[in-house]
Amino acid sequence: MTPMLPTPASPLKIGTRGSPLALAQAHETRDRLAAAFDLPHQAFEIVVIKTTGDRVLDRPLKELGGKGLFTKEIEEAMLDGDIDIAVHSMKDMPVDQPPGLVLECYLPREDVRDAFVSASVARLSDLAEGAVVGTSSLRRRAQLLNFRPDLQVVEFRGNVQTRLKKLEDGVALATFLAMAGLNRLGMAEVAASAIEPEEMLPAVAQGAIGIERRGDDTRAAGLLEAIHDIPTGQRLAAERAFLAALDGSCETPIGGLAELDGGMLRLRGEILRPDGSERLADAATAPIEDGAEMGRALAEGLRARGGAGFFTA
């Protein structure tokens, strides 16, 4: 059944953070909905909401409370009825939604790789001994120090433009961004090179956009069903089950990537000590319908190998 469609007089309100990348993702969502139902852009209103994670840029995320810093205010606005749906970068999303909210719509996944960004160095492997690199990601920090213990890693928070300015100011020789974000901003040329997953396994759900709604909003459910990308959902079911079983947050260095091959799903996962001194990795393959269970089993195996205190030692 066709849902009641929004109109310019009664637009669907799309909540988002205000960074250029977040706005690009909100515009992509609006454009896909407009195309699916042959609606004008005026039938949608993009509502910018500033989150705690956007306001506090001088402290590591782990000190502020983790991934929910980029979603809390947006989700509160949705529960209050100020917005109808919310657009998120899935790698920033906690694995559990607040009561009353549902996250089950994903747009087609972009490039999952990390981007190596430097004005003078072409590849991660080309960095000189002791080079200073910047990142706010515990995953990237741990992966870097595991790969190259000689590197100096400094805190590098902010949106894409802020981090590029820090690089220009000489705070670090290199930094890392998501290729997906650069592609969505039309800035792929900023990357000196893309880092293959075999060298740096990406964050769980990297490159994917998720759209959240109220659980009782049947109109939004009908609209979002039309733009949901099933293969992305299948991949994220395995990856997010893997993350949930590890209690993943911004305080835990975890990488994970699921890939489809016909009716099968291959999942790679890794956990690292925050100082990069140890890395544990594994992989598994299962039918698509068993992806979530495979993710949980892979996580349990790695957790057993790491033992208590792996993420805090």
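**Entry 1: ground rules.** I take helices (H or I, at least four residues) and strands (E, at least two) as DSSP runs, numbered from the N terminus. This is a predicted model, in which I need pLDDT of at least 70 for local features and count side-chain atom pairs only at pLDDT 80 or more, while totals for chains, interfaces and linings use all residues. I number residues from 1 along each chain as its sequence is written, and side-chain values use heavy atoms, with hydrogens and water left out.

**Entry 2: helix H9.** I looked up Glu-239 and found it in helix H9. I call a residue buried under 20% relative accessible area, exposed over 50% and partly exposed in between (1.4 Å probe, protein chains only). Glu-239 has a relative accessible area of 0%, so it is buried. I count a contact when heavy atoms lie within 4.5 Å. With neighbours within four places in sequence set aside, Glu-239 touches Arg-109, Val-204, Ala-205, Gly-256, Leu-257, Ala-258 and Leu-267.

I then checked the length of the helix. The expected span is 1.5 Å times one less than the number of residues. H9 has 16 residues (230-245), so it should span 22 Å, and its end C-alpha atoms are 23 Å apart, which agrees.

Which other residues of H9 are buried? The list includes Thr-232, Gly-233, Arg-235, Leu-236, Ala-238, Arg-240, Ala-241, Phe-242, Leu-243 and Ala-245. Among the elements that cover the buried residues of H9 I noted E4, strand E11 (254-261), strand E12 (264-272) and helix H10 (291-306).

**Entry 3: after H9.** Asp-247 follows H9 and has a positive phi, near 55°. I moved on to Thr-252, which sits in the loop between H9 and E11. Its relative accessibility is 13%, so Thr-252 counts as buried. Beyond its neighbours within four places in sequence, Thr-252 is in contact with Leu-138, Asp-247 and Phe-311. I also took the distance from Thr-252 to Glu-28: the two are 224 residues apart in sequence and 30 Å apart in space, C-alpha to C-alpha.

**Entry 4: positive phi elsewhere.** Ala-205, already noted as a contact of Glu-239, is not a glycine, yet its phi is positive at about 70°. I placed Ala-205 in the loop between strand E9 (193-195) and strand E10 (209-214). Is Ala-205 buried or exposed? With a relative accessible area of 0%, Ala-205 is buried.

Asp-38 is not a glycine either, and has a positive phi of about 55°. Asp-38 lies in the loop between helix H1 (20-37) and strand E2 (44-48). At 72% relative accessibility, Asp-38 is exposed.

**Entry 5: salt bridges.** My rule asks for a side-chain nitrogen of Lys or Arg within 4 Å of a carboxyl oxygen of Asp or Glu. By this rule I count 23 salt bridges. One of them joins Arg-17 to Asp-92 at 3.7 Å, N to O. Arg-17 lies in the loop between strand E1 (12-16) and H1, and Asp-92 in the loop between strand E3 (85-89) and strand E4 (101-106), so the pair ties together parts that are 75 residues apart in sequence. Both Arg-17 and Asp-92 are buried.

I next looked at Arg-30 and Asp-31, whose side chains form a salt bridge at 3.0 Å, N to O. Arg-30 is buried at 17%, whereas Asp-31, at 33%, is partly exposed.

Arg-113 and Asp-111 make a further salt bridge, with their closest N and O atoms 2.9 Å apart. Arg-113 is partly exposed at 23%, and Asp-111 is buried at 18%. I also found that salt bridges with shared partners join Asp-84, Arg-214, Asp-217 and Arg-219 into one network.

Entry 6: I define a cavity on a 1 Å grid over the protein atoms alone, as a set of points where a 1.4 Å probe fits but cannot get out; lining residues have an atom within 4 Å of a point. Grid points are joined across faces, edges and corners, and the volume is the space filled by probe spheres set on the points. How many cavities of 30 Å³ or more does the whole structure hold? The search finds one. The largest cavity has a volume of about 30 Å³. I listed its lining as Leu-124, Gln-143, Leu-144, Phe-147, Glu-199 and Met-200.

Definitions and conventions: On a 1 Å grid over the protein atoms alone, a cavity is a set of points where a 1.4 Å probe fits but cannot get out, and a pocket is an open set with protein on both sides within 12 Å along at least five of seven lines; lining residues have an atom within 4 Å of a point.
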